Amino acid sequence: MRLGRPVYSCSSGMRLPLLQPDALVTDQVRRGLERAGVFAVYVEDGLSEGIVPTEAISAELRDRAVRELGSTFSSIATAGRSTRIPGEQIDRLGGIVQAVLRELRQSGQVVSALMDLQAFDAHTLDHSLNVCVIGLMIADESLRRHGWVDGRGNVRRDGIEDRLEKLGLGLLLHDVGKLLIPAEILQKPGRLTDDEMELVREHPRSGLDLIEEGAFSSLSKVAVIGHHERIDGRGYPFGRGDDLHPHAQIAGMADVYDAVSSMRVYQARRPTHEAWELVMSLAGTAFPIDLVTVFKHAVAPYPEGVAVRLSDGRRGLVSRVSREHISRPRVRITHDPGGGSVTPYEIELLAERDVTILDTLQDLEGFDDAAPPPLPPGGSDERHEQALAGMLDGAADRDPVGAAAS
Ligand SMILES: [Fe+2]
Ligand SMILES: [Fe+2]
């Protein structure tokens, strides 16, 4: 078995490839990857030939962004609460946001839930970048459809690029306040004490305090301070309601989506569309329906390369997702309903209206129906906040986050 895509490790702000694509995955390599915290990799096999999972941004830009963010984060981690991120550093991060926007426009890609798979400690840096990319895609689509509303209640369509850049900067730094929370609290398995929760809930506010006065626009600030607020008033730190700024709403959606998606990095058996469905289930409670509708059209539930089971029992790989019909992709059929392999052929789900995708599979042979294992300790620090905010109510029966925190 050969590796389909590189595997990265990330420590002290450096993102290093652990293995190159095409590397042979032997038992020894597999054990080494597990020791490095990598529990899932993409493999190249004959069935997936020609299917290239789409990336919203290039590997080069991801590297550059993670390096830049990494140096910002490590200066805070060493200097602590007394430090301020200087204006020049904010400007450099602004350059990253502009590059992300440029690439999103060029590629015209829908966001793919398949991000690079990597070791544990890459979580915060990659999470910040993912939230930026996903949030900008939602915002871009939303502004294109609905424009924005100014202080007098007028719908406007000017200055969109500037608004996107300011939002993107807030998204990149939305969790910067977490760097002040001791690691033993963030990575503590199980429930947090009231005092510990209090500390975690401080991070949107303390994040803003870490940025040099005057370096950050209010359109960036609202994304940082409001990313755990919910329109039903059940968020924090202020419990704001439906007057919540759209930038905060977008930050919250992108944050939930990436926090749950990234659990797949730790547990390959989690279904790919779990995070997507979770966001859908929060429409009208945590997030406004019109924004969730935008999300539905900007983020693909079944990314290219993912193995799926169809409602008629056939199995195959998602081979192409189009922006117009994001949840009805083209599928390369590899197995018949009885589980026997067939000469691969492709179908358009758009044309076969009575066939739907029932589930995603870790393994096309399909022996992976067991429930996913519980999260490993430290698997995702976001789970505490999510459970705290109560935003997963109603989705708890199939929700890994609530279960892990209980
Ligand atoms: Fe957060
Ligand atoms: Fe976050």
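Valine 308 stands opposite glycine 316 of strand β8. The model is a predicted one, in which local features need pLDDT of at least 70 and side-chain atom pairs count only at pLDDT 80 or more, whereas totals for chains, interfaces and linings use all residues. Residues are numbered from 1 along each chain as its sequence is written, and chains are lettered from A and ligands numbered from 1 in the order in which they are written.

Strand β7 (residues 307-310) runs antiparallel to β8, joined to it by three bridges; strands count as paired when DSSP finds at least two bridges between them. Four residues separate the two strands of this hairpin, where glycine 313 adopts a positive phi near 95 degrees. Five bridges also link β8 to the antiparallel strand β9 (residues 330-335), and here glycine 316 has isoleucine 333 as its bridge partner.

Buried residues make up 43% of the 406 residues.

Helix α13 (residues 289-298) has Leu291, Val294 and Phe295 among its buried residues. These three lie on the same side of α13 because they cover an arc of only 100 degrees around the axis, the arc being that of the directions from the helix axis to the C-beta atoms.

Notes:
Buried ≥ 20, exposed ≤ 12 C-beta atoms within 10 Å, placed from the backbone.
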